[in-house]
Amino acid sequence: MTPANDKLAVYTLKEGDHSMATTPDRHARAMLPIPDRPKPGLTTYDAKDPDTAYPPIEPLLPPEGAPNVLIVLLDDVGFGASSAFGGPCQTPTAERLAAGGLRYNRFHTTALCAPTRQALLTGRNHHSVGMGSITETATSAPGNSSLRPNTKAPLAMTLKLNGYSTAQFGKCHEVPVWQTSPLGPFDAWPSAGGGFETFYGFIGGENNQWDPALYDGTTPVEPPATPEEGYHLTEDLADRAIGWIRQQKALMPDRPFFTYFAPGATHAPHHVPKEWADKYAGQFDGGWDVQRERTFAKQKEMGAIPADAELTARHDEITAWDDMPDDLRPVLAREMEVYAGFLEHTDHQVGRIIDAIEDLGILDDTLIFYIVGDNGASAEGTMNGAFNEMANFNGMAALETPEFMLSKMDEFGSPESYNHYSVGWAWAMNTPFQWTKQVASHWGGTRNGTVVHWPNGIDEKGGLRQQFTHVIDVAPTVLEAAGLPEPTMVNGVQQSPMEGTSMLYTFKGADASERHDLQYFEMFGNRGIYHKGWSAVTKHKTPWVLVGGDLPAFDDDVWELYDGSVDYSQANDLKAEHPEMLAKLQRLWLIEATTYNVLPLDDRSGERVNPDIAGRPTLVHGNSQQFFPGMGRLSENSVVSIKNKSFSVTAEVDVPDDRPLHGVIIAQGGQFGGWAVYATGGQLKFTYNLLGINHYTAAGDAPIPSGKHQLRAEFAYDGGGLAKGGGVTLYCDGEQIGTGRVEATQPMIFSADETTDIGYESGTPVSPDYTTRESKLNGKLHWVQLDLGSDDHDHYIDPEERLRIATARQ
């Protein structure tokens, strides 16, 4: 048994040795916080009495020998992308750590970002902690609710309550969407209920690398510089991580740290300085089919995969490179150049953190997990790729014609883009496996290259480990390495056991028998199971078909069977030869699915974006919402939805006497999609920004005079389905002052990272009429009211009746 199973006492580990030492730990750590146990003794009346004596106050520390811990989790990187596993994207930091540690070529994730992250941070399967998919598609089903049960405390909390310093930098996609407003509740945020004493990063699935929506703890903050001044999010996150680690060791040298570095890279948008992308100019002109062959050969040459592994075939759903339009191929090649530069740039920032740790002289005593991707490479960019990935998420990818893409080729990766690469490149980046991110059935969605580095705990340098391992194994590994027990009680709540298996046994030798030999997989109906070398899998849904498409009944899904002992890449389906094994594994999958809250299966995607259909809570209710100046960073889930509806915006504004009215009244979204009511040159305006491709603007016919006025914009939706247009009418004190027309609207989502702001605009601007730095309204804004429908026939709200109307509509 490992120290993690000792409920009464924990014995420290000798440096560089995993056998039990003889020095007992004085703390009973199975119950957290560790109960105070004052020692009885003489209490004197006068402190000057010579018999007055108390033991010294000692800070709580982990057991002697507990290492520092750094977990690096990259985003959307396939197994065949990084050069550390034979890919074309240069990752010298990953290679450096692998040369001094271990490379794992059978490490697995869940096939999607938020589920992998919650599983990593808790040591439990993703459905066990309510994260069956991303938070934006959460339902009321326990396995898909996005709510982590308090019986499954996160690793960071356990480490903090045992005396570690804890910090997270980067992406947090584990907060339920109805808890993402500036008022929380913050129970699921990293620096509140997540166990991290420090958090600097963003909440959600992705962010603009050039102009992100950042939080310091739970406080919204702006980036410290602009893209023009050289700002990039991954660099900023690395700066913060380095600064925190240095300060921690300067002030608390005896206390180990747990640092979780999870940049949004390399999730779309693929944003990177041009010089990094240009390093790969011309390297991908041969296309994705050729690239897979090259990567496969390199993987075998360097021993990253077995010598008898086979390269899996391309599926019919993925177009051959030679069948892509000739005029689009230069754009497609540039997409991959940008992505490769993005990954290398990200690895470079990780290297800066490693260098800082080495400079402090603590690299040997730091357990590092470098997990190269939280799932397989992302195929959410369509076969053509995307200049703005929101087009596909709205079912409007056809707007980005080959001609449009060619015209934007030089802007891919720049602040003017919100780009993604082609499905074909995602498939190539998952070499040698089938499929991609979201496809939990096949290794292309779930097998991610991982490097572990810990000189004080790993004797072999440059070794390869081929035991089956999974992201839920990381937390129990850290606890065992630190000599800490898995807690039975945290904050008064009895804990359920962790579901992962410590990987520490693999540190000793490549031939150690595999201990994690049973693991289910499921995502949007794509499902599979691994058991003692065999895998049974069925692909149910194609990830890049986000809108429409016919799905089979679950019982009609076609299963496949693979023998992993001789078929590393799932290349040879054996279901015809071994029907009894397939039946056994199908039954075992159902047992595991029942055990871990996987059922009911749910293959809906677009429908689940609607909280009413999904059954999850919403922050706002009814048909009306009021705002006040200065409110901001309101996610789409914090604002009543105006999509595919008529709506009106009414605001009371004092126009200054000495200058024309200028600035934003309300803005939702940003440069790549959204809408805003604002003023420039004294004129009231409404702009609807359709995916950054078309801007539809209605303007008042004259400047608004000085004094107090009620300004209003009404949008009358055409109806007849989704994404339709509508008419715009502008009013001042109930009198019409302008009209306009919006030809089409975004039906599903404006932005994954931009927000709604009142009286100003953060992030990127909805309209090119202003910049965000000049967006603050120069008049006094009293209130703003957003109403669905168009039933205010007088086009005016009596200020005295405003709150009564808003209340009546709740």
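Residues are numbered from 1 along each chain as its sequence is written. Because the model is predicted, local features need pLDDT of at least 70 and side-chain atom pairs count only at pLDDT 80 or more, whereas totals for chains, interfaces and linings use all residues; side-chain values use heavy atoms, with hydrogens and water left out.

The description begins with a sheet. Helices (H or I, at least four residues) and strands (E, at least two residues) are DSSP runs numbered from the N terminus, and two strands pair if DSSP finds at least two bridges between them. An open sheet is formed by 3 strands in the order E3-E16-E17, with mixed pairing. Strand E3 (31-32) and strand E17 (493-494) stand at its edges; each has a single partner strand, so one side of each lacks a neighbour in the sheet. E3 pairs with strand E16 (residues 489-490) in the parallel sense over 2 bridges, and Leu 32 stands opposite Val 490 in E16.

Thr 158, in helix H3 (residues 155-160), is in contact (heavy atoms within 4.5 Å) with Leu 32, Leu 479 and Pro 487, leaving aside its neighbours within four places in sequence. Its relative accessible area is 2%, and Thr 158 is therefore buried. Here buried means under 20% relative accessible area, exposed means over 50%, and partly exposed lies in between, for a 1.4 Å probe and protein chains only.

Strand E23 (residues 647-655) is largely enclosed by the rest of the structure, because 8 of its 9 residues are buried. E23 runs antiparallel to strand E28 (residues 707-717), to which 9 bridges join it; Val 655 has Gly 707 as its bridge partner in E28. E23 is also joined to strand E32 (residues 780-788), again antiparallel, by 8 bridges. In E32, Trp 783 is the bridge partner of Glu 652.

Gly 80 belongs to the loop between strand E4 (68-73) and helix H1 (92-99). Gly 80 is buried, its relative accessible area being 0%. Not counting residues up to four places away in sequence, Gly 80 touches Gly 87, Pro 88, Thr 295, Gln 299, Ala 428, Met 429, Asn 430 and Thr 431. Gln 118 lies 38 residues from Gly 80 in sequence and 24 Å away in space, C-alpha to C-alpha.

The cysteines come next. With a disulfide defined as a pair of cysteine sulfur atoms within 2.5 Å, the count comes to 0 disulfides. The closest cysteine sulfur to that of Cys 89 belongs to Cys 113 and is 19 Å away, which is too far for a bond. Cys 172 is likewise in no disulfide, the nearest cysteine sulfur, that of Cys 113, being 11 Å away. Cys 89 counts as buried at 0% relative accessibility, as does Cys 172 at 1%.

On a 1 Å grid over the protein atoms alone, a cavity is a set of points where a 1.4 Å probe fits but cannot get out, and its lining residues have an atom within 4 Å of a point. Among the residues lining the largest cavity are Asn 207, Asp 211, Arg 633 and Gly 763.

Technical notes: 1 Å grid on protein atoms, 1.4 Å probe; cavity = no way out; pocket = protein on both sides within 12 Å on 5 of 7 lines; lining within 4 Å.
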